[in-house]
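The following exercises concern one protein model. Please work through each task before reading its solution.

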Amino acid sequence: MAQQRDPAVFYDEEECLGFGVFVAELELIVGSSRDKKPDQIQLLELLQKLAASIASADGSVLKQHQKRCEAALYNVVYKGPSAVACHLAAVCLSRLYTAGDLLPLFSRINSLQTFLQDKSNTASEGVRLCVMDVLAHLNSSLGRYLATTTVESMAIATKALAKGSSPAMKMAGLRLTACVVEGLPNLDRNTPAVQAAAWKLLDKQAKDKTSDELRGAAAGVLAAICWSGGAFFWSSAGYYAEEALRLAVAVVEDAAAAQATREAYALALADLAAAAQPSNIALATALEAETKPAKKQQLEKVAGSIFKAALVQPLLDAAVQGNKDVCMAMSLAWSSYAYSLTGPGGQPDSQALVALALKAVDMLEIASKATAEAMPKGQSPHDAHNIGACLSGGEMPVPTAAVIYFIRAHIIQRLPEQGQRHLLAALARATSHAIAPPVIVAALEGCGVLLEQLGELHDEVAIKAVEDAAMSKLSASSTAVRHQAAAVVAALALSSPPLLARLFGECLEGVETFCQQLMLLAAPYNKARVSAAAGAS
C-alpha cells in the first residue's frame with residue numbers, strides 16, 4: 001500500500017526534488033536557448049530554487065554535480081541576462097563554492113578577468129556589465145581567498161571608470177571596487193595598496209557633481225574601506241583619514257547634492273567614526289608600527305578627534321543653520337554608528353550606548369547656545385514654516401526630533417533592561433541640570449519611553465529622580481517642556497501606582513495655588529472695574 005502524506009504538512013519543492021534535478025533543468029533551459037538569452041521568467045524561477053537547494057544539499061551531492069552546475073551558470077552569465085537573474089546566478093556560484101569544492105573558483109575568476117581585459121572582445125556592454133557584477137559578488141563573498149587576484153580586479157575597475165565610459169559601466173566599476181575592498185581581510189599585505197587605488201577612484205567620482213548616482217556609489221567605496229579597517233587611512237599619520245573626513249562632510253553639506261547622496265556620505269561618516277575606535281585592529285597595528293613619536297602622537301590625535309568631527313560637528317552646524325536635510329542625514333549616521341558599539345559575543349555594549357545617548361542630548365545644549373548667540377538681537381526664534389513649531393516654540397524642532405528619534409529607535413530598543421534603567425537615571429539627571437528647552441524635551445521624551453518600556457518600577461531612587469525632574473519642569477515657560485513634563489508625570493504614575501494618588505493631589509494643590517495667585521494679581525483690576533460700574537449707575 002502506497003505511503004500517504006499528511007495533507008496538512010507543506011513539503012518544499014527544493015527538498016523533494018533535490019539539487020541534481022534543478023541542475024538538469026538548468027542545463028535544459030540553457031541548451032534550448034542556444035545563442036540567444038534563455039527565457040527570463042523560467043530562469044528567475046529556477047535560479048531561486050537552485051540557490052535554496054544548494055543551501056540544503058549534502059556536500060557529496062554538491063561536488064558530484066558542481067562541474068555541470070558551474071558550466072550552466074557561467075553560460076547564463078555570458079549571455080547577459082537581466083540584472084536580477086545575473087545576481088541570482090552570482091548567489092548560486094558563491095554558495096556553490098562555499099559549500100562545495102573551492103578549487104575551481106580561482107580558474108573561474110581568472111577566466112572572468114581575462115574576458116573583461118581582452119581588448120579584442122566584441123561582447124555587448126550588457127554582457128560585460130553582467131560579468132563585472134558576478135566578479136564583484138564573488139569578491140565580496142569570497143574575497144578572503146582572492147587576495148592574489150585583487151590587482152587585476154582593480155585594473156578592471158579603473159578601466160571601467162575611465163573617461164568616455166557609460167554611466168552604467170562607471171557604476172559597475174565602483175561596485176566592483178567596493179566589493180574588492182570589502183572582501184579583503186584587514187591585515188592582508190595587499191590591503192593598503194588596494195585601498196589606496198580605491199581612494200583615488202572614489203576621490204575623483206565624489207568631486208564630480210555631474211551625476212548624483214555616481215557620487216552616491218563612491219560613498220559605498222568609502223564605506224567599504226572603513227569596513228575593512230581603513231589601513232590606508234591610518235598611514236602617513238592619519239592624513240588620508242582627515243582627507244576622507246573633509247570629503248564626506250563637504251558632500252553632506254553640499255546644498256546641490258541629492259538627499260540620497262547626502263545620506264550615503266553621512267553613513268560613510270559613521271563608518272569612518274567606527275573605524276577610529278581603539279578596538280579596530282588596523283588602527284592598533286598602524287599605531288604599533290609607527291616608530292616616530294611625533295607621527296604616532298599625530299595619528300592618536302586624528303583618531304581621537306574623528307568622532308566629534310564626523311558626527312557631532314556636522315549636526316551642530318546643521319542645527320544652528322536650521323538645515324533640515326542635513327539633520328535627517330546625520331540622524332541616520334548616529335543610528336548607524338550606534339550599531340557598531342558591540343561588546344563580547346556581538347551583544348550591544350550597554351555602557352557605550354548610554355554614553356552615546358547622553359552625548360546626543362548634550363549636543364542639543366551646545367547647539368541651543370550657538371543658535372542663541374548667532375541670532376540677531378530682537379529676532380524671535382519662532383519659525384512658522386516648521387511643522388510642529390507651535391508645539392516646540394520654534395526652538396530647534398528638527399535637531400530635537402532627530403535626537404529623539406535616535407534615542408527612541410536605536411538606543412532604547414537595543415538596550416537590555418538593566419541598561420534601560422541606567423539610561424533612565426542618566427536622562428533624569430540631565431533633565432534636572434538642563435536649561436535649554438530642546439535638551440529638556442529630548443531627555444523627558446526618553447524618560448517617558450523608558451517608563452513605558454520598563455513597566456512598573458520598584459527602584460525608589462530612580463522614581464524619585466524622575467519625579468523631581470518632571471515636577472520641576474511643569475511650570476516652565478516653554479510650552480513644549482510643560483507638555484513633555486506632564487506626559488512623563490502621567491507615565492510615572494502608571495509605572496508606580498502608589499505614586500498616583502500623591503501626584504494627583506500635588507497637581508491639584510498646584511492648580512489651586514496658581515488660581516489663588518492669579519486672583520491676587522487680578523484683584524486690583526476687579527476693584528477698579530466694580531467702582532467704575534457703581535459710579536456709572
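A residue counts as buried under 20% relative accessible area, as exposed over 50%, and as partly exposed in between. The model is a predicted one.

**Exercise 1.** Determine whether Ser 236 is buried, partly exposed or exposed, and state where it is found.

*Solution.* Begin with the location: Ser 236 is found in the loop between helix 11 (212-227) and helix 12 (239-252). Next, take its relative accessibility, which is 49%. Because this value falls between the two cut-offs, Ser 236 counts as partly exposed. Finally, consider the backbone. Most residues other than glycine have a negative phi. Ser 236, however, has a phi near 55 degrees, a positive value.

**Exercise 2.** Carry out the analysis for Ala 237: what are its phi and its relative accessible area?

*Solution.* Ala 237 lies in the loop between helix 11 and helix 12. Its phi is positive, about 60 degrees, although the residue is not a glycine. The relative accessible area of Ala 237 is 10%. Since that is under 20%, Ala 237 is buried.

**Exercise 3.** Describe how helix 3 and helix 4 pack, and which residues make the contact.

*Solution.* An angle over 145 degrees counts as roughly antiparallel, so helix 3 is roughly antiparallel to helix 4. The crossing of the two helices is left-handed. On the side of helix 3, the contact is made by Leu 43, Leu 47, Leu 50 and Ile 54; on the side of helix 4, by Leu 62, Cys 69, Leu 73 and Val 76. By class, the residues of this contact comprise 8 nonpolar, no polar and no charged.

**Exercise 4.** Identify the residues with the most contacts inside the largest nonpolar core, and list the contacts of Phe 233.

*Solution.* The largest nonpolar core has 172 residues, and those with the most contacts inside it are Leu 50, Phe 233 and Trp 234. Helix 15 (residues 293-321) supplies the largest share of this core, 12 residues. Leaving aside neighbours within four places in sequence, Phe 233 is in contact with residues including Trp 199, Leu 222, Ile 225, Tyr 240 and Leu 272.

**Exercise 5.** Is Gln 113 buried or exposed, and which residues does it touch?

*Solution.* Gln 113 has its place in helix 6 (residues 104-117). Its relative accessibility is 4%, so Gln 113 counts as buried. Not counting residues up to four places away in sequence, Gln 113 touches Leu 135, Thr 149, Glu 152, Ser 153 and Ile 156.

Terms used
Residues are numbered from 1 along each chain as its sequence is written. This is a predicted model: local features need pLDDT of at least 70, side-chain atom pairs count only at pLDDT 80 or more; totals for chains, interfaces and linings use all residues. Side-chain values use heavy atoms; hydrogens and water are left out. Axes are lines fitted to C-alpha atoms, for helices over the stretch in contact, and angles run from 0 to 180 degrees between N-to-C directions. Helices (H or I, at least four residues) and strands (E, at least two) are DSSP runs, numbered from the N terminus. Angles under 35 degrees count as roughly parallel, over 145 as roughly antiparallel, 65 to 115 as roughly perpendicular and the rest as oblique. A crossing is left-handed if the near helix is turned anticlockwise from the far one by less than a right angle, and right-handed if clockwise. Contact means heavy atoms within 4.5 Å. Ala, Val, Leu, Ile, Met, Phe, Trp, Tyr, Cys and Pro count as nonpolar, Asp, Glu, Lys and Arg as charged, and the others, Gly among them, as polar. A nonpolar core is a set of buried Ala, Val, Leu, Ile, Met, Phe, Trp, Tyr and Cys residues joined through side-chain atoms within 4.5 Å. Buried means under 20% relative accessible area, exposed over 50%, partly exposed in between (1.4 Å probe, protein chains only).
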